[in-house]
Amino acid sequence: MTIMDTMEKKDKKDKKDSKNTFYITTPIYYPSAKLHIGHTYCTVATDAMARYKRLQGYDVMFLTGTDEHGQKIETKAAEAGVTPQQFVDNIVEGKQGVKDLWKLMNISYDRFIRTTDTYHVAAIQKIFKKMYDKGDIYKGTYKGKYCTPCESFWTESQLVNGCCPDCGRPVVDAEEEAYFFRLSKYAAPVRDLLENTDFLLPRSRVNEMIHNFIEPGLEDLCVSRTSFTWGVPVDFDPKHVVYVWIDALFNYTTALGFLNDAYPDADYQKFWPADVHFVGKEIVRFHSIIWPAMLMSMDMPLPKRVFGHGWLLLDGGKMSKSKGNVVDPYLLAERYSADALRYFLLRDFPFGTDGNFSNELLINRINMDLANDLGNLLSRTTAMADKYFGGTLPAAQATGPEDEELLALAGGLRGRYEAAMEKYAFQTALAEVFGVIARANKYIDETAPWVLAKSPDTLPRLSRVLYNLAETLRLCGVLLKPFMPESCDKIFAQLGVDPTLQTWASVATFGALPATATLHKGENIFPRIDAAKELAALDALQEAQKQAAADSAPADAPAAPAPGVATAELIGEHEPKIAYDDFAKIELRVAEVRACENLKESKKLLHLTVFDGERERCILSGIAKWYKPEDLVGKRLPIVANLAPRPMMKGKYTSEGMIVAADTADGGCAIAFYGADVPVGTRIH
Ligand code: MSP
């Protein structure tokens, strides 16, 4: 019996002692705009974990998808002049859409759920009814503070400085008939779950949840809306649509066939409860408080774990579509390969905390780890095997004193890697592998194969040295494959490693590669990047993208972000404060509307001629949906008077300012008008 057979047997026995399935999920993303590097980060992490579990022999279910209902999508579709379904279809299935991105990034999901899938919609109606029949959902009137961009109601006590605790924006008073979920009923068991188990990780997130939400007291949760229609209708009261979180959270179970026939119920029996939900820190509240409470209400088992990962920040601040500073994963993956981007994302940033993205970090990481360390090790090893032995290592091999350290380090790698992966510490797992790669490069210098090649007496030693290098590369390749699947296949091809030597069992100890391995020198898998040239090129490309994004937005469109992106992007803690002098640079004035008309070229824009006290100017404003021209003529309103003029509609108009307006509770916008007692041209401060 070989070492491998023994290890395989042991692995099988270990697995028999527990369930051999692994169910992992990403959040389902809002298809309100193209996804960015932040979404890619979470999905790549989930993919690496899923591939790692498959490598270990688990029967894995990896689910991702899109969360397609809600007022924001309804509004965006109307702005784009298409139906909500057409709008989301385009973002999910269209060119460079969500599915294209996951294909490019080599995401090995097993299922993709869209919350507009009919089976999901029907299942959500049944779930809603079940909770209603149980008395856990009841009809009431909601009076509260509402944050429009986040589509969230908040209690007074949850507000931070009177603003939304998620995005830091002002909230408004709102009231409407709504159904409520009795979240308060489940406060004690949820608290117990958070405090006394490892349900939520990292542990620091538990403290946040207890402190910010449990201790102030859980209030019942509004779970239906009447102010928009793009959602799952409550079938027994159709003027209501199910409000986002019931619809979104139960995706994790409907995609397994729960209460529907699209998938066999056996999948639900087999895979539920989930082993882990990966979610960004801004939606930990929904997954660690609301989700378990709803499952308790449904008498369903709870997921084993929720992991709240950190954010990728840009220049220390949020990434934001409204700022035009989102990083496009398409561009980076196409330029440097999906594998390089995948590796960088999981190597540079600790998964549990925030990290600062930069192009410089990306390029340095590719050059240092992939081109220098791994790429060189592979090309030196295969080139020497080729040069000294025509590719196939002779069986006569002699060990030497330099071997001990390398063999010990590489031999124990799987255990150290596994310990890190089980904690979702991707950065540590990769650092372990690259520690071994660095040690192998040092081993080449210590053993000096080019000297060993000079005498026939030392050829057996040379053969052993090259074997040790090839075996180290094989071990590292197997463990890197969840992170860089395509590149590792290329590594295996150069090492002549067939699939039986790519298994988890085969890397338990050093030495499974046959002594007379045949290596082939192949292409350079990770070419070195000219950092200065690439950084300049990336800057130019990203600047062009920013410009294109700005040109396609109306001059004074309220900078309301997409739902969910809002929560991820607008958190106050990362928002730099400005000095009064910065505020004073913005020249706000009272202007009078002298003329106003609809534009035939755009349904969204109104063309206003306003008098600012000194002169008339043209402003194009994206408010046509909420104001008719005749509502505005003669009115006095606030404008930003010192914005740089902007050509719009392909240069046909130049907009010379912007109208200041507030978001309303129902997703509209409201302008504050001044009376005749405020002279036209007055400065606002
Ligand atoms: N639709 C909800 C989730 C429902 S899950 C039942 C949603 N969607 S979202 O499109 O806003 O995606 C949010 C997720 O994308 C975050 O939780 C996180 O995983 C990922 N990220 C979005 N921006 C991010 C960063 N800047 N950095 C890291 N991850 C981020 O919320």
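Predicted model: local features only at pLDDT ≥ 70, side-chain atom pairs only at ≥ 80, totals over all residues.
A residue counts as buried when its relative accessible area is under 20%. By that cut-off A448 is buried, because its relative accessible area is 15%. Most residues other than glycine have a negative phi.

The setting is the loop between α12 (284-297) and β12 (306-309).

Six strands form it, in the order β3-β2-β1-β11-β12-β7. The sheet is open and the pairing is parallel. β3 and β7 (200-201) stand at the edges. Each has a single partner strand, so one side of each is left without a neighbour in the sheet.

β2 (residues 59-66) pairs with β3 (residues 111-114) in the parallel sense, over four bridges. L63 has R111 as its bridge partner in β3. G65 stands opposite I113, also in β3. On to the next pairing: β1 and β2 are parallel too, and seven bridges link them. Y29 has T66 of β2 as its bridge partner. Between these two strands the chain runs from β1 through α2 to β2, and this β-α-β crossover is right-handed. How covered is β2? Mostly: seven of its eight residues are buried.

At the other end of the sheet, follow the chain out of β7. P202 is found in the loop between β7 and α8. The peptide bond from L201 to P202 is cis, with omega near -10°. Helix α8 (residues 203-214) holds V206. V206 counts as buried because its relative accessibility is 1%. The C-alpha atoms of V206 and E195 are separated by 7.1 Å, and the two residues are eleven apart along the chain.

P273 is found in the loop between α11 (265-271) and β11 (276-280). Most peptide bonds are trans.

The ligand comes next. It is surrounded by 25 residues, and the closest are I28, D67, E282, H309 and L312. Which elements supply at least two residues each to this shell? They are β1 (21-29), α2 (37-55), α9 (244-249), α10 (251-254) and α23 (565-569). The largest share comes from α2, with four residues. By class, the shell has 14 nonpolar, nine polar and two charged residues.

A polar backbone atom of Y30 is 2.9 Å from an oxygen atom of the ligand. A polar side-chain atom of E282 lies 2.8 Å from a ligand oxygen. For H309, an N or O atom in the side chain is 2.8 Å from an oxygen atom of the ligand. How much of the ligand does the protein bury? Taken alone, the ligand exposes 670 Å², and the protein buries 99% of that.

Helix α13 (residues 329-336) shows burial within the protein itself. Six of its eight residues are buried, so the helix is largely enclosed by the rest of the structure. The buried residues of α13 are P329, Y330, L331, L332, A333 and Y336. D328 caps the N-terminal end of α13, with a side-chain oxygen 2.9 Å from the backbone nitrogen of Y330. Just after the helix, S337 takes a positive phi of about 90°.

One last stop is G135, in the loop between α6 (118-133) and β4 (137-147). G135 counts as partly exposed because its relative accessibility is 26%. The C-alpha atoms of G135 and R182 are separated by 8.4 Å, with the residues 47 apart along the chain.

How values were computed. Residues numbered from 1 in each chain as written. Heavy atoms only, no water. Near = heavy atom within 4 Å. Polar contact = N/O pair within 3.5 Å; in protein donor to acceptor, adjacent residues only side chain to side chain. Areas by Shrake-Rupley, 256 points an atom, 1.4 Å probe, with all protein chains shown as cover. Nonpolar A, V, L, I, M, F, W, Y, C, P; charged D, E, K, R; others polar. Buried < 20%, exposed > 50% of the residue type's maximum accessible area, 1.4 Å probe, protein only. Pairing = 2+ DSSP bridges. Right-handed = clockwise from strand over helix to strand, strands pointing away.
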